[in-house]
Amino acid sequence: MGAGAVGAGCAWRLAKAGHSVTLIDPSLGSPPPSGERSGPLDSGTVASLGILMGLVFRRSSGRAWRLRRRSMELWPQWAEELGDQEQPLQLQTPLVQVAATAEEGLRMQALAEERESSGLRFLSQEHLQRQHPDWPGGEHGALHSAQDGRIDPLALLKALRKQLTRLDVTLISEAVTRIRRAQPSPALIGKPWTLELHSSGLLETDQVVICSALAAQPLLTELGHQRAMEPVLGQVLDLELAEPSAPCSPWPAVLVCQGINLVRQGASANGRQRLWLGATLEPGTQADPQALNQLLSLQGQAPAWLQRATVVQHWQGLRARPIDRPAPLLEVLEPGLILASGHYRNGVLLAPATAEWVCEQITTRR
Ligand SMILES: Cc1cc2nc3c(=O)[nH]c(=O)nc-3n(C[C@H](O)[C@H](O)[C@H](O)COP(=O)(O)OP(=O)(O)OC[C@H]3O[C@@H](n4cnc5c(N)ncnc54)[C@H](O)[C@@H]3O)c2cc1C
């Protein structure tokens, strides 16, 4: 259940591995949005920037690092298998993270040395001044990652939907309102789970994979599993730049400055460059106009060309952050009840490693 990047990704990998899969999500009644976004959005994936920030992760051990590294290994294969001639799915690279302080610059330098073979390199302050004078910040250098970058989340959803149809995955446009353990009976052997759907009755199944982000919580509570998550709102701005020639130096797929992502989007119909700015980190579900101002001013570091930009679109979405547990929540809660939710800030990045983990759990059980 859940057809965001995580759920649709899991369904695709499971169907490819030969399992019989049904995907349930009220959003399946219409095609994924094709470009325009505004206001509050229900799907975290639709709201997201699609940034794949895997190899610049600071730690070099632990589950969080392993999941990131594995996803970054899998992404080129996902892009190739999901895209086709009509709609190629491209990984846009590189990603550059600008150091906010001298200490951060030193840490980045050490990381670049350690992960040179993974495509990381440090850009010095002199290099930035000479080559990229119109990038914001830059007094302390920057970390350049050749393999990190971004995937268009809407193109990803579209490609997943196409592959799911090709693989005959049953798509049900409904919300799951309750998950029940079936009463033991000879007729139900192998189908120990019953899903109650909003209007089309019951569905019996041997395995349930819950990929519904924040909406997983109430369903699990009813089954006696407490997996608390809290919403963290994110706002995104789609800007049109005033001058056709600014910024003039080469721009990476993603530039991260003061923790804010600047993602170049190509040109509008009028020839003006578009740029996404995002995303804010706001606890709760209410958007704060102050946070939006901070975003627009790049925490006070916005260069003149950015200050002259016009806002074309503005949207917001919710991230599911697990409380008192690390993100994401990947657990087999009971035989046949698998939780793959709570990806917080990295659900798009971690979709491939999550799907691989889910497939392993199901194959092992079989
Ligand atoms: C503004 C913003 C920017 C972000 N940027 C990035 C980024 O750059 N990179 C990155 O990796 N991550 C990013 N994230 C985080 C990322 O969007 C999430 O981690 C990711 O989308 C989670 O994917 P998901 O499939 O678990 O959830 P979602 O995409 O939210 O999908 C959950 C699905 O479950 C469905 N659902 C809900 N209830 C039910 C029910 N009862 N029955 C059936 N279906 C149900 C919903 O309709 C929805 O389609 C961002 C998030 C936000 C808000």
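**Cysteines, a pocket and salt bridges**

Visitor: Does Cys10 count as buried or exposed?
Guide: In this predicted model, the relative accessibility of Cys10 is 2%.

Visitor: How many disulfides does the structure hold?
Guide: A disulfide needs two cysteine sulfur atoms within 2.5 Å. For Cys10, the nearest cysteine sulfur is that of Cys211, 4.3 Å away, and Cys10 is in no disulfide. Cys359 is in none either, as the nearest cysteine sulfur, that of Cys10, is 7.0 Å away. The number of disulfides in the structure is 0.

Visitor: Which element gives the most to the lining of the second largest pocket?
Guide: This pocket has a volume of about 480 Å³ and is lined by 24 residues, with Ser20, Val21, Thr22, Thr205 and Gln207 nearest its centre. At least two lining residues come from each of helix H1 (5-16), strand E1 (22-24), strand E11 (201-205) and strand E12 (208-210). With 4 residues, the element that gives the most is H1.

Visitor: How many residues of that lining are nonpolar?
Guide: The lining of the second largest pocket also has 4 charged residues and 7 polar ones. The nonpolar residues number 13.

Visitor: Where is His132 found?
Guide: His132 is buried, at 12% relative accessibility. Beyond its neighbours within four places in sequence, His132 is in contact with His127, Ser249 and Pro250. Its place in the chain is the loop between helix H5 (125-131) and strand E6 (142-145).

Visitor: How many residues apart are Glu356 and Arg70?
Guide: Side chains of opposite charge can pair when their charged atoms come close. Glu356 and Arg70 form a salt bridge at 2.7 Å, N to O. Glu356 belongs to helix H10 (residues 347-365) and Arg70 to helix H3 (residues 63-82), and the separation between them is 286 residues.

Visitor: Which residue meets Glu334 in a salt bridge?
Guide: The N to O distance of this pair is 2.6 Å. Glu334 lies in strand E19 (residues 329-334) and its partner in strand E9 (residues 176-181), so the pair ties together parts 153 residues apart in sequence.

Visitor: How many salt bridges does a search of the whole structure find?
Guide: One of them joins Glu331 and Arg227, at 2.8 Å, N to O. Others form a network that links Asp84, Glu86, Lys162 and Arg166. Over the whole structure, the number of salt bridges found is 15.

Notes
Residues numbered from 1 in each chain as written. Predicted model: local features only at pLDDT ≥ 70, side-chain atom pairs only at ≥ 80, totals over all residues. Heavy atoms only, no water. Buried < 20%, exposed > 50% of the residue type's maximum accessible area, 1.4 Å probe, protein only. 1 Å grid on protein atoms, 1.4 Å probe; cavity = no way out; pocket = protein on both sides within 12 Å on 5 of 7 lines; lining within 4 Å. Points joined across faces, edges and corners; volume = space filled by probe spheres on them. Nonpolar A, V, L, I, M, F, W, Y, C, P; charged D, E, K, R; others polar. Contact = heavy atoms within 4.5 Å. Salt bridge = Lys/Arg side-chain N within 4 Å of Asp/Glu carboxyl O.
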